[in-house]
Amino acid sequence: MEQTLELLSLSPPGWGANLLRGLAASIQIALGAFGFGLIIGFFGAMGKLYGSPWVRDLLEVYTTVVRAVPELVLILILYYVGTDILNNIAGAMGRGPVEINGIAAGIWVLGIVQGAYSTEILRGAIRAIPPGQTEAARAYGMPRALMARRVTIPAMTAFAIPGLANLWLIATKDTALLAVVGFSELTLETRQAAQTTRAYFTFFLAAGFLYLMVTLFSGVIFARIEKWARRGQPSHRGG
Amino acid sequence: MKLKTTLTAGVAALALMTGAAMAETVKVGIAAEPYPPFAAPDSAGNWTGWEVEIANAICEAEELDCVITPVGWDGIIPSLMGEQIDVIMASMSITEERAKQIDFTDHYYKTPAVIVTAKGSGITPDDAGLEGKILGVQASTTHQAYAQKHFEGVASEIRIYQTQDEANQDLYSGRIDAVQADSIAMADFVASDIGDCCEIVGAVADDVAVLGQGVGGGVRKGDDALRETLNKGIAKILEDGTYDEITKKYFSTTIYSK
Amino acid sequence: MMRAMLIPRRLIMLGLFAAFVVWCAVSMDWSWLPRYAPLALDGLWVTIWLLVVTIVLGFMLAVPLGLAQAIGPWYLAVPARVFCTVIRGTPLLLQIWLLYYGLGSLFPQFPWIRESELWPYLRQAWPYAVLSLTLSYAGYEGEVLRGAFASVQKGQIEAARAFGMPRHKIFFRIWLPQAIRSALPTLGGETILQLKATPLVATITIVELYAVAGRVRQDTFIIYEPLLLLAAAYLVIAGIITLGFRWIEGRGPRMSR
């Protein structure tokens, strides 16, 4: 027991600080990817609902492919493709290779994956808005951008929250996959600590506990957001 | 892919012409998975080990501004080609297969390949000893190539691990009967707490075609300026005693042979 | 389905896609394919085997988990709830490594394990792969079935009871089929998620489809070709699963809701 505490202590020779550093990296990547995914998702949903047939078909291909191919494979493809593209652009501009920050790369690859799921969730949420609300806005002659900001986004938020909460949890857990490509996040830090000290159970359980805390804490936050987003709505349970 | 190689070559040529290559930082890629005593992180996150020190010594000798960059072993050659790193110094043996993809510096260490088993297993490092046993090797190493060439069909299974550490762990837990790996890394392993289970039973018969000509630094094809600078650095530290000094800190024997 | 593809726009897209495939076939490096084809087929088989076995086992475990949460007494409901939360709240990769390396580091401390008859199996990697994937599927599906069991209308159960049906018959004839039926639309999705989880076991030395592609990449240093083929293979498998579930859903009695 004492030995375990020593291994997990925050100052070296303990590895607690490494785990927390990994956790911070994981959360940063998850937040970035979730946000990036939301942006893709918003435009994706708009494209699927109001875009030209071409746009709709292309988006359909995007969401289908991303949702059918394992994240691990997508991560590898996007990682290599992303760095190749960046380097080619830099090369064409006569610059040297671009420094690729692990966190940025993680956000890029997971964001693209998240974007596909976001697209579907937001599309569903927009369609769930009672049509009268958008019709009223249009009747007032509201410009499209203003309508999106004032009517569509606030109204769809309540419908989108449960799906997005789930998606956020997927984002936090998917960061673990980046360990396989050697990004320093919680799972890789855990594994390095476990391999060096041979205390596999201790470290994997500790990391599991950290992930679980993130999950449970997120659950509380999202419940609050949902309550806030549903303010003023008739109290029916749906979504 | 072809387009990319041309582009890369173009960029390299441009860098040569302007002569700006030297002033830039050189990213030295090491494997992100611990490989003691060559490279392993401490709990403060700093990478130490024989190879890390040698890399730094070479850079110092040639006044290169080097940054140690851990990259997953699995993707280390693609990372080199994708220019996330400039040179691989991750105990990578110089083999023909790899030389088709990347260029190598002169070798900076060379050690035999050995078989490690549980103590008293009676396994010998040859066909007779490994017959019907499970042999573990690390993926995309010379040992994997060797095992598949010589022990395929002899051993009951050749199990391939992403990292040496995982293979060692499974040898310790008895999931595999033997491991083929580098003698130095294994000497370090059997001297460790968990390695107490196991012993080195001897070197496998040499086969230069697959075991290669020692460990060298890997650079992108055509990156001759860096390769030659590193060669000069390797020669320099071998000559002025820096190499031996670092080696003495980690090993009791020499690990360099021509 | 076929007619939807015959719109000019889609024909152009299909044409572009065909051109892309041809371009891939011609200008990329596929010389490795014949050499690795047997290994790839073995890998495909392992992937499908893992998928089917863990889904069947996982589902069998998910039924009691869902039931315990929906109607069980608290001493069953709470552990089931905790199990599902833990499985769903932590990354699968971590669970796989915990089981494989964690148990692997424990075994040497108990010599009797090595002497037991189970040891030849415990040495292999697949029991850990099957166990972790099964537990994961059970955790997610248990949550789905909890809702499904709770949604079966009380009136039907009461009617069955009024007919004097024995309890196990009520369960197997009425409750379970209806719960499965209402869970069916999510089952297809969960199955594809499970397919997407299988590559993770490549990290514990299982040689399935993803591991084969990894080996090609490591042996030949060819990056994109094996990955593209791998992605295509998963797309096809996912497509077959989707069609399969659509077919199952289309059969069976239509329910009036």
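Is B:Cys66 buried or exposed? B:Cys66 is buried, with 18% relative accessibility; here buried means under 20% relative accessible area, exposed means over 50%, and partly exposed is in between (1.4 Å probe, protein chains only). Before the views, some ground rules: this is a predicted model, where local features need pLDDT of at least 70 and side-chain atom pairs count only at pLDDT 80 or more, while totals for chains, interfaces and linings use all residues. Residues are numbered from 1 along each chain as its sequence is written, chains are lettered from A and ligands numbered from 1 in the order in which they are written, and side-chain values use heavy atoms, with hydrogens and water left out.

**View 1. The disulfide of B:Cys59 and B:Cys66.** The sulfur atoms of B:Cys59 and B:Cys66 sit 1.9 Å apart; a disulfide here is a pair of cysteine sulfur atoms within 2.5 Å. The link of B:Cys59 and B:Cys66 is left-handed, with -80 degrees about the S-S bond. B:Cys59 is buried too, at 3% relative accessibility.

**View 2. The disulfide of B:Cys197 and B:Cys198.** Here the S to S distance is 2.2 Å. The torsion about the S-S bond of B:Cys197 and B:Cys198 is about -85 degrees, so this disulfide is left-handed. B:Cys197 counts as partly exposed at 23% relative accessibility, whereas B:Cys198 is buried with a relative accessible area of 3%. Searching the whole structure turns up two disulfides over all chains. With the bonded cysteines of chain B numbered in sequence order, the pairing reads 1-2, 3-4.

**View 3. Two cysteines of chain C.** C:Cys24 is buried, at a relative accessible area of 8%. C:Cys84 is buried as well, and its value is 0%.

**View 4. An open five-stranded sheet in chain B.** The strand order is β4-β1-β5-β12-β6, and the pairing is mixed. Two strands count as paired if DSSP finds at least two bridges between them; helices (H or I, at least four residues) and strands (E, at least two) are DSSP runs, numbered from the N terminus. At the edges of the sheet stand β4 (65–71) and β6 (102–109) of chain B, each with a single partner strand, so one side of each has no neighbour in the sheet. Helix α10 (residues 224–239) of chain B packs on the sheet and touches β1 (25–31), β5 (87–88), β6 and β12 of chain B. Contact means heavy atoms within 4.5 Å. The direction of α10 makes about 5 degrees with that of β6(B); axes are lines fitted to C-alpha atoms, for helices over the stretch in contact, and angles run from 0 to 180 degrees between N-to-C directions.

**View 5. Strand β12(B) and its partners.** β6(B) runs antiparallel to β12 (residues 215–220) of chain B, and five bridges join them. B:Phe104 stands opposite B:Gly218, and B:Tyr109 has B:Val215 as its bridge partner. β5(B) also runs antiparallel to β12(B), joined by two bridges, with B:Val87 opposite B:Val219. Six of the six residues of β12(B) are buried, so the strand is largely enclosed by the rest of the structure.

View 6. The contact takes 13 residues from domain 1 of chain B and 16 residues from domain 2 of chain B. Between them the two domains of chain B bury about 1100 Å², 54% of it on carbon and sulfur atoms. Buried area is the accessible area (1.4 Å probe) that two parts lose on being put together, summed over both. B:Tyr35, B:Pro37 and B:Trp73 supply 38% of the area that domain 1 of chain B buries against domain 2 of chain B, more than any other three residues.

**View 7. Helix α7 (residues 164–172) of chain B.** Eight of its nine residues are buried, so α7(B) is largely enclosed by the rest of the structure. Among the buried ones are B:Gln164, B:Asn168 and B:Leu171. Just after α7(B), B:Gly174 takes a positive phi of about 85 degrees.
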